[in-house]
Amino acid sequence: MKLNLVQEVTKSQLRNDLPDIRPGYTVRIDVLITEGEKTRIQAFEGVVIGRSGRGVAETIIVRKMSSQIGVERTFPLHSPIIQSITVVRRGKVRRSKLFYLRGRSGKASRLVEIR
């Protein structure tokens, strides 16, 4: 009974405007950044290397290369700071966690695109 109650309470907090996001997809996430009294939107584009959680606690890990340095960021999918998520490319992978990309750089880190 309590589990159903928790699901009913969190159902109103779920977003329904999210695209299908899977590991291997290259996504562009527009994040709302607040600095003092000003707010701006910052884009973060990279490859989804992992997805975990269910419901409101669902998160994705996105990795990008910024001047030969790997940058990873974890995004809660249902957070209000996420303005939009756009799928740029769909990469073909056979694993649910792509942590092996951490050890690769350059052309070795490319994924084949699904056509």
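The stops below pass from strands and turns to the cores and a pocket.

This is a predicted model, in which local features need pLDDT of at least 70, side-chain atom pairs count only at pLDDT 80 or more, and totals for chains, interfaces and linings use all residues. Residues are numbered from 1 along each chain as its sequence is written, and side-chain values use heavy atoms, with hydrogens and water left out.

**Stop 1: β1 and its partners**

Select β1 (25-35) and β2 (38-52); strands here are DSSP runs of E of at least two residues, numbered from the N terminus. The two run antiparallel and are joined by 10 bridges; strands count as paired if DSSP finds at least two bridges between them. Within this pairing, E35 stands opposite K38 of β2. β1 and β2 form a hairpin with 2 residues between them, and G36 in the turn has a positive phi of about 70 degrees.

β1 and β5 are antiparallel, with 7 bridges, and Y25 stands opposite R90 in β5.

Now select I33, which is found in β1. Is I33 buried or exposed? I33 counts as buried, at 17% relative accessibility; buried means under 20% relative accessible area, exposed over 50%, and partly exposed in between, with a 1.4 Å probe and protein chains only. Leaving aside residues up to four places away in sequence, I33 touches K38, T39, R40 and Q42, where contact means heavy atoms within 4.5 Å. I33 and T10 are 23 residues apart in sequence, and their C-alpha atoms are 25 Å apart.

**Stop 2**

I61 has T74 of β4 as its bridge partner.

Most residues other than glycine have a negative phi. S67, although not a glycine, has a positive phi of about 50 degrees; the hairpin to which it belongs has 2 residues between the strands. The phi of Q68 is also positive, near 60 degrees, and Q68 lies in the loop between β3 and β4. S67 counts as exposed at 60% relative accessibility, and Q68 is exposed with a relative accessible area of 75%.

**Stop 3: the nonpolar cores**

A nonpolar core is a set of buried Ala, Val, Leu, Ile, Met, Phe, Trp, Tyr and Cys residues joined through side-chain atoms within 4.5 Å. Select I21, V27, I29, I60, V62, F75 and I85, which touch the most other members of the largest core, a set of 15 residues.

Center the view on F75. Beyond residues up to four places away in sequence, F75 touches I29, V31, F44, E58, T59, I60, V62 and I82. A second, separate core of 5 residues includes V47, I49, L98 and L111.

**Stop 4: the largest pocket**

Finally, select T26, E45, G46, V47, R63, K64, M65, L101, R104 and S109, which line the largest pocket. A pocket is an open set of points on a 1 Å grid over the protein atoms alone where a 1.4 Å probe fits, with protein on both sides within 12 Å along at least five of seven lines; lining residues have an atom within 4 Å of a point. β2 and β3 each supply at least two residues of this lining.

Methods
Helix = DSSP H or I, 4+ residues; strand = E, 2+ residues; numbered from the N terminus.
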